[in-house]
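I opened my notebook today to follow a few questions through one protein. Come along and check each entry against the picture.

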Amino acid sequence: MAISAGLIAFYVVSYLMVRPPAVSASGAAPSARLTLQTVASIGFGPHPDWVSYLVKSPQGKWVHSTVLTMPAHSLVHITILQYDTATGLRNPYWGGPRGIVGLMSVDGKPTPTLDPDLASHTFAIPDLGVSVPLKGVADDAKNQCRVAPCTLAQAHTTVTFTIRTGKAGTFRWPCFVPCGAGFILGFGGPMQSVGYMDGYLHVV
Ligand SMILES: [Cu+2]
């Protein structure tokens, strides 16, 4: 009894305390690069069926984290490999990319705006005025990824865009698509969990 109470306490504390590792963009000021992927289900860990982001380390390894580090006063070229299908945005305001330098490109095509119904997730940093809708994979696409990290051979869309960082600081970057399937209004679970659909950006 004491042992199980201890285990439960440990589980609760580790759940509250554990933070995923910070992963840095490649390169240094004034120009850096960062690659992320989104997956419909992470496939391992305490919540294998949760939707999630992963980030590629400068060494090319996929890391299950949403804690990012970028250089200040820089252009950061971001690539997001989108393996999840569309959920759709409740608020069409988020359908237009905002706060980026130039246009986003979707599968190599410059794209001024995205039909909100096609969005799977957003990459958004509200304090920096950045919000980019991420086009989902078609529901009937062949060879869909079920376990992360997904590979380029599996169905995906590729979204690229550039943001400009300013001064140093730490910023939240939550997802604004109600992608937390099975939770109230789609906004619970992974949507509120750092490492899945909520993250921190350290500008240094
Ligand atoms: Cu999301």
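Which residue in β14 is the bridge partner of V67? I looked it up in this predicted model, and the partner is Y200.

**Entry: strand β6 and its neighbours.** Next I followed the pairing of the whole strand. β6 and β14 run parallel, with four bridges between them. I also found β1 (residues 22–24), which pairs with β6 in the parallel sense over three bridges. There, V23 stands opposite L68 in β6.

**Entry: the faces of β6.** A handy rule first: in a regular strand, side chains alternate between the two faces of the sheet. In β6 (residues 67–70), I saw V67 and T69 on one side, with L68 and M70 on the other. All four are buried, so to speak of the faces, both are covered.

**Entry: the copper ion.** Then I turned to the metal. Which protein atoms are its donors? I noted ND1 of H121, SG of C175, SG of C179 and SD of M197, lying 2.2 to 2.4 Å from the copper ion. The angles among these four donor atoms are 94 to 127 degrees, and the site is tetrahedral. It counts as tetrahedral because all the angles lie between 85 and 135 degrees. For comparison, I jotted down that the ideal angle for four tetrahedral donors is 109.5 degrees.

**Entry: donors along the chain.** The donors follow the spacing H-x53-C-x3-C-x17-M. H121 sits in strand β10 (residues 119–125), while M197 is in the loop between β13 (169–172) and β14 (200–203), so this pair ties together parts that are 76 residues apart in sequence. Are H121 and M197 buried or exposed? I found both buried.

How values were computed. Residues numbered from 1 in each chain as written. Predicted model: local features only at pLDDT ≥ 70, side-chain atom pairs only at ≥ 80, totals over all residues. Heavy atoms only, no water. Donors = N, O, S within 2.8 Å, 3.2 Å for Na, K, Ca; no water. Tetrahedral: all angles 85-135°; square planar, octahedral: opposite > 155°, others 65-115°. Helix = DSSP H or I, 4+ residues; strand = E, 2+ residues; numbered from the N terminus. Buried < 20%, exposed > 50% of the residue type's maximum accessible area, 1.4 Å probe, protein only. Pairing = 2+ DSSP bridges.
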